[in-house]
Amino acid sequence: MRHYHRPGDSSRRSIYAWNFIASWKERWPHPTSILAEAATQAGRCLAQYIRHASAYMAISTAGFWTPMRPVVSLVMILPSPSDLAQWSWAHPSERKINISYAYVNPDGLFKGKKAVGVNGTWPPPPLEVAVGDTVRVHAYNGLGDQNVGLHHHGIYFNTTSHFDGAPGINMTYEIPVDEQHGTYWWHSHVGGQYVDGLRAPFIVHPAVEQHQYDHDLTVVLGDWYHQEHAVLVKDFMSVDNPDGAEPIPQSALVYWVKDGKYLPGFNENVTVPFEAGKTYRLRIINTSSYAMFYVWLDGHDFRIIEVDGTDTDEYAIDQLSLSAAQRYSVLVTARNDTDLNYAFHADLDFAMFDSFPEDLQQNYTSVISYGQSNALAPLEVKDEYQLVPDQKLVPSVIEQQLFATKKIELGFVFETFDDGTNRGSFNNLTFQMPITPSLYSASMLSMGEDATNIAVYGKQSAAYILEKNEVVDLLVINWDDNAHPFHMHGHKFQIIRVAQDVSSSDPVLNPPHTEGAANPMRRDTVTIPAGGAYNIRFIADNPGAWLFHCHIEWHFEAGLSILFIEDPLGAQKNTHVPQYMLDQCTAQGISPTGNVVGRNSTTDLRGEPSGPFPPRSSERSWRPLAMSALAWLAALLGMGAAGAWYIFGVKKSYEVVLVEEERDPLLKKVTRAAPEERDVEQGLPGRKS
């Protein structure tokens, strides 16, 4: 049993109560001493609580923190002293963070990078709590030049979707963790701030873990840009970039968390001590805005035990693939021979990038140490990268495949739209943020019965209305020439079907739809391969407005997103938006009521976001006919491929890419050329270590 829990206790909170009661019984000889003894023991228990709490909570960089009730764990950093005069503590256990700029150089390559951090430091503190805690974060905006908005990635926010990343000037977020545990993370969902560093782990510990281990470590992966997001996105969303080439990071970062605190250093400057024979849980989080990683540990094997907050049966694997926003927990058993140290590897997936800068390093490492004086074992190089076979993982808690009552089919593509910029689109519609937010400030909570009219949300919101408890089968087809990670807010979904090539008649590459699976895998972020598709399934049991979007930040900003409006009438009954959040809208000149443009009408939508629009069919040449033919052919062959009611294209090449290479059906072998082969093809330098 891990050190958070006393054997047989339901939570670590009982540790303090148990110690209090046991000690009090032993030292209770006279009734008249009860009050004095109670005060003494309460003080000792409080001291013990603080000692335990400091082991898993991030402590203020200012060296100050307030005591916490066991019922409430509120994390983070104290604002500056001047802010305290303006902000009173709502409760002695509540924490506040001052989101502010920090000038840092974590990769050692560029001094003075302007990052978005907390209390003038970077990286922002990790957040570790227990199931049943109430997590309340007061975000003070110390940036001065933009709003803030925090998304706690993977949390359901049942009936409280207004806390899911809502932007504002100064915001308070309440994060419910009463029905979830596992590995999550928090990041900004405003203005690309998470590109600039506003991102950190969020770990929720259950009363009893599904798997046993001796030590718990978190590994944070992320791409790192030297320029600010505001500069990069201006160049990306430009008529001078019609092919949509994404900004390439200058480096990557690997850093570690132990007992709620960061270990010193980044990348090869991090040393992680291992003890012979002990079992370690590694929670690996890809916090990148773009990059995908392949991860392994020389001389050791991984056993997957958790994916995006879902506990799984152990699954042995020698490497992991992590797209942006994905998380895995693996068990690693330390070796019995301790004469060497070993490298933990995180390789950038160069296949995602349009170019290979000569100075871009691909392989990043940290050191797993069995002894300070040990030599490092020879570095292992993988002959090929492999994707984790999501559909083969088995959740520890059984949930039978849901029977779909509603089917939605989405095909996505990137192409140059009529404004000259390269956009992502689902079914030819690129997402634009509504002027009046779809949830708490507008339609669902102020339009009454009209909230069920799709028109009030605006066409460019790409909204779909879901009725209460509908079971949605969502087919997402990737007509782009690269893989994309997709994340759903407010839900985990079942993985029903994975197709590597939707145009293939091979049932291995393009399997048929099946029903009745005993326990399909569940997660909140999936990687859809180029030319492939996923069928995912979820139940509309969480009233609110929920995004489904590509978690590559550049693609989200390019419009690759849709919005699920879930049980709007139920949301009106169950959602209670705090007045201060409505006041935030008013302060920003945004109407907190009405339709997409703030009018109480289903038809008066003057001024709603409109466009840009995709090329006319005549400008797409033969592609509509080709894609329709491929889809109908596959459907006739029983492969359940995409229907042909919308037109697709393929990014950059503007022609259909058919995958001809064979793929390993068990490990979903990556068919892209190995790094060295791609380097030769493109005349670029080989892999760097």
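1. Not counting residues up to four places away in sequence, Asn241 touches Asp235, Phe236 and Asn422, where contact means heavy atoms within 4.5 Å. Asn241 sits in the loop between helix H4 (229-236) and strand E10; helices (H or I, at least four residues) and strands (E, at least two) are DSSP runs, numbered from the N terminus. A polar atom of the Asn241 side chain lies 3.1 Å from the backbone oxygen of Phe236. Asn241 is buried, with a relative accessible area of 11%. Buried stands for under 20% relative accessible area, exposed for over 50%, and partly exposed for what is in between (1.4 Å probe, protein chains only).

2. A word on the basis of these points. This is a predicted model, in which local features need pLDDT of at least 70 and side-chain atom pairs count only at pLDDT 80 or more, while totals for chains, interfaces and linings use all residues. Residues are numbered from 1 along each chain as its sequence is written, and side-chain values use heavy atoms, with hydrogens and water left out.

3. Ala462 belongs to the loop between helix H5 (443-446) and strand E24 (463-466). At 7% relative accessibility, Ala462 counts as buried. Its contacts, leaving aside neighbours within four places in sequence, are Leu429, Phe431, Ser561, Ile562 and Leu563.

4. Rings of Phe, Tyr and Trp (its six-membered ring) pair if their centres lie within 6.5 Å; planes under 30 degrees apart count as stacked, over 60 as edge-to-face and the rest as tilted. The pair of Tyr255 and Phe266 is edge-to-face, because the ring centres are 5.2 Å apart and the planes stand at 70 degrees. Tyr255 lies in strand E10 (residues 251-258) and Phe266 in the loop between strand E11 (261-262) and strand E12 (271-273), so the pair ties together parts that are eleven residues apart in sequence. Both Tyr255 and Phe266 are buried.

5. Phe412 and Phe486 make a tilted aromatic pair, at 4.9 Å centre to centre and with 55 degrees between the planes. Distant parts of the chain are linked by this pair: Phe412 is in strand E22 (residues 406-416) and Phe486 in strand E26 (residues 484-488), 74 residues apart. Phe412 is buried, with a relative accessible area of 0%, and Phe486 also counts as buried at 0% relative accessibility.

6. One aromatic cluster is formed by Trp122, Trp224, Tyr255, Tyr262 and Phe266. Over the face of Trp224 lies Lys113, at 5.5 Å from the ring centre. Lys114 lies over the face of Tyr101, at 4.2 Å from the ring centre. A charge sits over a ring if NZ of Lys or CZ of Arg is within 6 Å of the ring centre and within 35 degrees of the ring normal.

7. Helix H8 (residues 579-587) has Met581, Leu582, Gln584 and Cys585 as its buried residues. They cover an arc of only 145 degrees around the axis, which puts them on the same side of H8; the arc is that of the directions from the helix axis to the C-beta atoms. Strand E6 (171-176) is included in what covers these buried residues. The exposed residues Thr586 and Ala587 are carried on the face of H8 turned away from its buried side. H8 is followed by Gly589, whose phi is positive, near 75 degrees.

Methods
Polar contact = N/O pair within 3.5 Å; in protein donor to acceptor, adjacent residues only side chain to side chain.
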